[in-house]
Each structure stands twice: as C-alpha cells, then as structure tokens.
Amino acid sequence: MKREFSAGGLVHRNGKWLIRRPTPNPEYRGNLGWSWPKGWIDPGENLETAALREVREEVGVKAIIKAKLPTMKIWFVDQNKERVMKFVTYFVMEWEEDLPEGFGEETAETRWVTYNEAMTLLAHKNEKELLKLTAGTLS
C-alpha cells in the first residue's frame, strides 16, 4: 500500500476562517468543493514548514501557527488503481498578512467565512470535524 503525507492550515482572522476552492484541472484528483488549504510535504520540509507554505501558495496569506490538530488518516484509490493511505496534518493558524501576489494557480477562489458558514460549505465531513476541534486553540 502506498503512503502519502500532507499538511495544511485552518487560518483564522477576526472571527472568520479562510477556505478555498481548487482550480479544476485534469491532474487534480480531489473534490472541487470548498476545503482548507493543504498539500504534499516537499523534500526537506517538516509538517509546520509545509503547512505554512501551502497556506501561502493556496490562499495567499502569511500566518502564524497556534496549535496542531490531530493527524487524519484517509484511504483512497489513485489513478493507477493503487490503494493509498494518506496522512494529513492540519494546524490552527492566525492570519498575519495578505501577500501581494495573492493565491496561486491551484486555487480558483478563496473566502473568509464564519464558523457556521464553514460548516455548511466545507465539502468533507472530516474537515468540518477539524473545525469543531479548534475551540480553545485561539487566544
């Protein structure tokens, strides 16, 4: 069984959360609904560095890590019909500043939403569960 590792962030600012919708392309294998920014861990990166980079690239903001959330384990079958076990680690982050270059080409749209809006818009149940775990992580 193949294994993959990703990291990302739940970015918070003034009572709102930053979510994204990916840009459709033939190589993207995920859901095109609203989600948290995340991506693969590049060689030489640790979880925190990868999560901060993915937040910069996918939603165009600089953020500060406030807390680590439990790592999720996801199973799926890839394009080659191989079973994959993927580990995804998210961090709760506080927005620091918008980047002048904005978000990258992998993202079609970003949106600041309330907790309740995020619970409605997020495409995956496990991503909604992560949001529930953020209570008490921000001061």
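I looked up D78 first: at 8% relative accessibility it counts as buried (buried is under 20% relative accessible area, exposed over 50%, partly exposed in between, with a 1.4 Å probe and protein chains only). The model is predicted, so I note its limits: local features need pLDDT of at least 70, side-chain atom pairs count only at pLDDT 80 or more, and totals for chains, interfaces and linings use all residues. Residues are numbered from 1 along each chain as its sequence is written, and side-chain values use heavy atoms, with hydrogens and water left out.

I then checked what D78 touches. Its side chain meets that of K2 in a salt bridge of 3.3 Å, N to O (a side-chain nitrogen of Lys or Arg within 4 Å of a carboxyl oxygen of Asp or Glu). K2 is in strand β1 and D78 in the loop between β5 (72–77) and β6, 76 residues apart. K2 is partly exposed, with a relative accessible area of 29%. I took helices and strands as DSSP runs numbered from the N terminus (helices H or I, at least four residues; strands E, at least two).

**Other salt bridges**

I count eleven salt bridges by this rule. One of them joins E45 and R53 at 2.6 Å, N to O, and R53 counts as buried at 10% relative accessibility. R111 is partly exposed at 34% relative accessible area, and E109 is partly exposed at 25%.

**K86**

Which side chain of opposite charge is nearest to K86? I find E4, 4.1 Å away, and K86 is buried yet has no salt bridge (Lys and Arg count as positive, Asp and Glu as negative; His and the chain ends are not counted). K86 lies in strand β6. Its side chain makes a polar contact with the side chain of S6 at 3.4 Å (a pair of N or O atoms within 3.5 Å; within protein, one must be able to donate a hydrogen and the other to accept it, and residues adjacent in sequence count only if both atoms are side-chain atoms).

**Partners of β1**

I followed strand β1 (residues 2–13) and found eleven bridges to β6 (residues 83–98), running parallel; strands pair if DSSP finds at least two bridges between them. G8 has Y90 as its bridge partner in β6. With β3 (residues 38–40), β1 pairs antiparallel over three bridges, and A7 stands opposite G39 there. Three bridges join β1 to β2 (residues 16–22), also antiparallel, with V11 partnered by L18. Two residues separate the strands in the hairpin of β1 and β2, where N14 takes a positive phi near 50 degrees.

**Rings**

I count two aromatic pairs (rings of Phe, Tyr and Trp, the last by its six-membered ring, with centres within 6.5 Å; planes under 30 degrees apart are stacked, over 60 edge-to-face, the rest tilted). F5 and F87 are stacked, because their centres are 5.3 Å apart and their planes at 10 degrees. F5 lies in β1 and F87 in β6, so the pair ties together parts 82 residues apart in sequence. F5 is partly exposed at 44% relative accessible area, whereas F87 is buried at 16%. W17 and W36 are edge-to-face, with centres 6.2 Å apart and planes at 75 degrees. Both are buried.
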